[in-house]
Amino acid sequence: MKAITKNPFVVTGYIAPEYFCDREKETADLISNIRNGRNTALISERRMGKTGLIEHVFHQPEIEDNYYTFLIDIYHAGSLREFVFLLGKHIFETLKPRGQKFIDKFFATITSFRPAFKLDPLSGAPTFEISLGEIHHPEVSLEQIFQYLESANKRCVVAIDEFQQVAKFPEKKTEALLRSHIQHCRNTNFIYAGSIHHMMAEIFLSASRPFYQSVSMLHLNPIDKEKYVEFVMRFFTEARVSIPKYVVSDAYSLLEGHTWYMQRVFNEIYAQTSRGDSVNTGMIMRTISDLAKSYEPVYQNILINLSERQKEVLIAIAKDDSATEITSSAFINRHGLQSASSVQSAIKQLLAKEVVVRTKDGYRIPDLFFDIWLRMTYGAGFSIKEL
Ligand SMILES: Nc1ncnc2c1ncn2[C@@H]1O[C@H](COP(=O)(O)OP(=O)(O)OP(=O)(O)O)[C@@H](O)[C@H]1O
Ligand SMILES: [Mg+2]
């Protein structure tokens with residue numbers, strides 16, 4: 001029997017299919033999009049599993065064997081220049097192990113990156129080093145990168161994580177520029193992943209924007225309850241720890257099946273238990289509140305940077321079961337808020353800071369532990385009654 005030496009509840013990155021729960025349909029859809037030459041916009045709330053899904057797809061034999069795959073995260077990129085740098089460097093690093101021929105072709109095609117070619121003084125291995133200032137014409141570099149991808153000896157898939165950042169670049173033409181290259185690509189497909197609903201929606205769904213109607217949309221919802229419960233129970237059973245089905249099910253309800261929170265809580269519980277132990281709902285509740293408390297300094301820091309009005313509205317949203325009509329007199333009276341207009345201006349700021357998000361069901365705090373911490377600190381806490 002294979003001994004499990006590691007905690008099977010992965011909380012950073014992607015390890016292997018065994019530790020990846022479900023997403024069978026989404027995986028098949030994404031592969032089908034790639035196979036059929038379609039580009040995809042992958043959208044979900046934060047930490048629902050977009051990046052994990054892309055990695056999972058890239059590890060499937062059909063994709064691994066037949067495509068060159070690239071995944072870049074542009075969350076911290078502030079300009080087209082940085083975008084071009086990240087993409088160029090990542091392509092170089094990915095193909096470097098394939099040998100000199102690849103390196104030669106890379107710099108022969110992307111001539112504007114030639115100054116980046118250096119040899120590591122110790123190992124003698126080729127490296128990619130260029131300062132942003134040395135990328136004089138990012139548009140030219142971008143065009144050359146596309147030429148390189150299009151001339152590759154296999155099809156390419158480029159996934160751009162946190163794609164909504166492009167809308168914030170000072171170069172307002174970035175979207176149009178990318179779109180004009182991408183629409184001519186025959187050898188390369190794209191996956192655009194992003195979490196800020198309205199920004200991603202505007203990029204792909206508004207008729208005046210360059211990417212309008214250019215993608216298949218894929219929304220990632222919480223993993224199916226039955227499948228998640230089964231996944232969790234499998235690892236505890238293998239470790240000879242008893243955990244009744246309804247306990248896992250309670251945890252799923254409490255955490256709204258939100259992937260990262262489920263992973264984080266069961267990672268903790270797995271770490272705390274050993275052969276012969278049993279897990280009950282009390283232990284789940286304690287673990288959740290301990291985890292929420294462990295982030296207290298982060299949450300206090302967020303609160304320090306909010307005005308009194310913003311704080312009041314935030315706490316009201318945390319305490320309320322249905323924060324849909326937050327400018328209604330019912331909501332205002334329920335939480336002793338000032339006026340509709342003050343709620344209006346507070347919510348604008350909270351949305352801009354991404355402390356609150358708007359979904360089709362109303363306003364919510366996307367960080368579930370923050371939401372729980374606010375309820376523990378300012379409200380009646382959270383309890384199993386909510387289930
Ligand atoms: N299907 C899955 N099964 C098990 N763990 C998963 C699954 N999908 C994602 N995870 C884990 O959940 C966490 C969050 O996933 P991931 O980082 O992919 O989300 P994301 O939507 O890209 O988040 P962000 O919005 O912060 O970029 C990660 O630790 C990842 O390892
Ligand atoms: Mg991600």
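Which residue is the bridge partner of Ile 43 in strand 7? In this predicted model, the bridge partner of Ile 43 in strand 7 is His 219.

Residues are numbered from 1 along each chain as its sequence is written, while chains are lettered from A and ligands numbered from 1 in the order in which they are written. Because the model is predicted, local features need pLDDT of at least 70 and side-chain atom pairs count only at pLDDT 80 or more, whereas totals for chains, interfaces and linings use all residues, and side-chain values use heavy atoms, with hydrogens and water left out.

**The sheet**

Helices (H or I, at least four residues) and strands (E, at least two) are DSSP runs, numbered from the N terminus. An open sheet is formed by 5 strands in the order 2-5-6-1-7, with parallel pairing, where two strands pair if DSSP finds at least two bridges between them. Strand 2 (67–73) and strand 7 (216–219) are the edge strands, each pairing on one side only. Strand 1 (residues 40–43) runs parallel to strand 7 and is joined to strand 7 by 4 bridges.

**The nonpolar cores**

A nonpolar core is a set of buried Ala, Val, Leu, Ile, Met, Phe, Trp, Tyr and Cys residues joined through side-chain atoms within 4.5 Å; buried means under 20% relative accessible area, exposed over 50%, and partly exposed in between (1.4 Å probe, protein chains only). The largest nonpolar core has 59 residues, and Phe 266 and Leu 314 are those with the most contacts inside it. Helix 11 (residues 259–272) gives the largest share of this core, 7 residues. Another core, of 48 residues, lies apart from it and has Ile 43, Phe 83, Tyr 148 and Cys 185 among its members.

**Helix 14**

Leu 314 is one of the buried residues of helix 14, which also include Gln 310, Val 313 and Ile 317.

Gln 213 is found in the loop between helix 8 (197–205) and strand 7, and Glu 256 in the loop between helix 10 (245–254) and helix 11.
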